Amino acid sequence: MLKKIEDLREEISKINVTSLADVEELRIKYLGKKGIISALFEDFRNVPQQEKKEIGLVLNYLKTEAQEKINDLKSQFEAKTSRSQQIDLTMQGISFSVGSRHPVSIIKNQICEIFSTLGYTLSENREIEDDWHVFSALNFPPEHPARDMQDTFFISKNPDILLRTHTSSVQIRVMESQPPPIRAIFPGRVYRNEAISARAHCIFHQIEGLYIDKNVSFADLKQTLLVFAKEMFGQQTEIRLRPSFFPFTEPSAEMDISCSLCGGKGCAICKQTGWVEILGCGMVDPNVLENCYIDKNIYSGFAFGMGIERIAMLKYRINDIRLLFENDIRFLEQFQSV
Ligand code: DAH
């Protein structure tokens with residue numbers, strides 16, 4: 001009987017079928033009431049007592065194996081048929097939505113594009129900086145409030161390693177690494193220790209511009225910025241430069257554009273003045289040139305820096321800067337770009 005059981009196990013393990021009906025046939029053949037295995041259980045009654053334990057074990061094993069094999073075959077066919085029944089070739093395809101560029105990227109690309117037509121190259125540099133590149137080389141006095149932990153995120157003190165508070169640090173990196181003439185813009189992320197509100201964020205983006213050559217004058221700065229403002233906000237745009245102060249430029253100015261919303265008549269956006277401030281600029285301070293080993297008697301230059309979020313908010317009439325950082329799809333969906 002043992003031999004018979006072994007042969008059956010072998011036979012069952014080799015079985016292959018081509019349809020669900022074959023599986024049912026097999027089940028009846030082996031496991032049905034009058035099937036081969038049931039018959040063996042009948043014979044088992046006549047097995048001598050001393051062999052019962054051993055044969056009983058193998059016989060039960062055979063039954064389980066046969067059952068498993070049949071279940072396996074059955075599930076294979078069932079899976080096949082249900083999958084093929086599910087496919088409906090006439091069904092419409094699933095469409096998925098195409099992403100769009102973030103408004104900050106759209107504006108950044110537009111600004112870069114305008115300056116590239118004016119012959120500016122583009123450089124990026126580190127966001128984690130040292131005191132020299134963010135403050136000292138830019139002529140910040142030792143007691144300047146920006147050097148305070150209140151205003152700047154420090155990674156370490158002594159040596160001072162910090163998150164850059166402006167992209168002006170890239171001016172120093174570039175002037176240290178290449179001789180004039182330099183005509184370049186530097187876009188990038190900056191960090192300030194500020195409470196987040198509708199008007200301010202602790203992370204934002206700037207674009208810095210730098211032009212160093214022989215005989216660069218304030219008139220060149222003014223004309224460059226006028227061309228930029230017209231390209232960015234429309235040909236009717238006017239600019240005005242107000243005297244200001246930055247440690248790294250002398251003289252320094254802040255630039256306003258005529259309000260694109262009311263055309264200069266006065267509205268809520270321009271606080272009834274007809275003008276909105278968009279950037280800081282000036283002639284590079286000779287001390288800064290000296291710090292970068294550029295001869296101040298031969299070269300002069302101008303620099304400017306603007307917040308990308310600010311320009312995006314003006315262009316798209318966004319009244320809360322936080323919208324630009326929350327990534328709410330309902331907000332982002334409204335911006336389309338190529
Ligand atoms: N770094 C200044 C800021 O973050 C902006 C700025 C002002 C940049 C004048 C300049 C400049 O290059 O000349 O507020």
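## Residue D320

D320 counts as buried because its relative accessibility is 17%, where buried means under 20% relative accessible area, exposed over 50% and partly exposed in between (1.4 Å probe, protein chains only). The residue lies in the loop between helix 10 (308-316) and helix 11 (323-326); helices (H or I, at least four residues) and strands (E, at least two) are DSSP runs numbered from the N terminus.

The side chains of D320 and R322 are joined by a polar contact of 2.9 Å. A polar contact is a pair of N or O atoms within 3.5 Å; within protein, one must be able to donate a hydrogen and the other to accept it, and residues adjacent in sequence count only if both atoms are side-chain atoms. Apart from neighbours within four places in sequence, D320 is in contact (heavy atoms within 4.5 Å) with S197, A198 and M313.

## Basis of the values

This is a predicted model in which local features need pLDDT of at least 70 and side-chain atom pairs pLDDT 80 or more, while totals for chains, interfaces and linings use all residues. Residues are numbered from 1 along each chain as its sequence is written, and side-chain values use heavy atoms, with hydrogens and water left out.

## Ligand surroundings

The ligand has 15 residues around it, of which H166, S168, R192, Q206 and E208 come nearest; a residue is near if one of its heavy atoms lies within 4 Å. A polar side-chain atom of S168 is 3.0 Å from a ligand nitrogen atom. An N or O atom in the side chain of Q206 lies 2.9 Å from a ligand oxygen atom.
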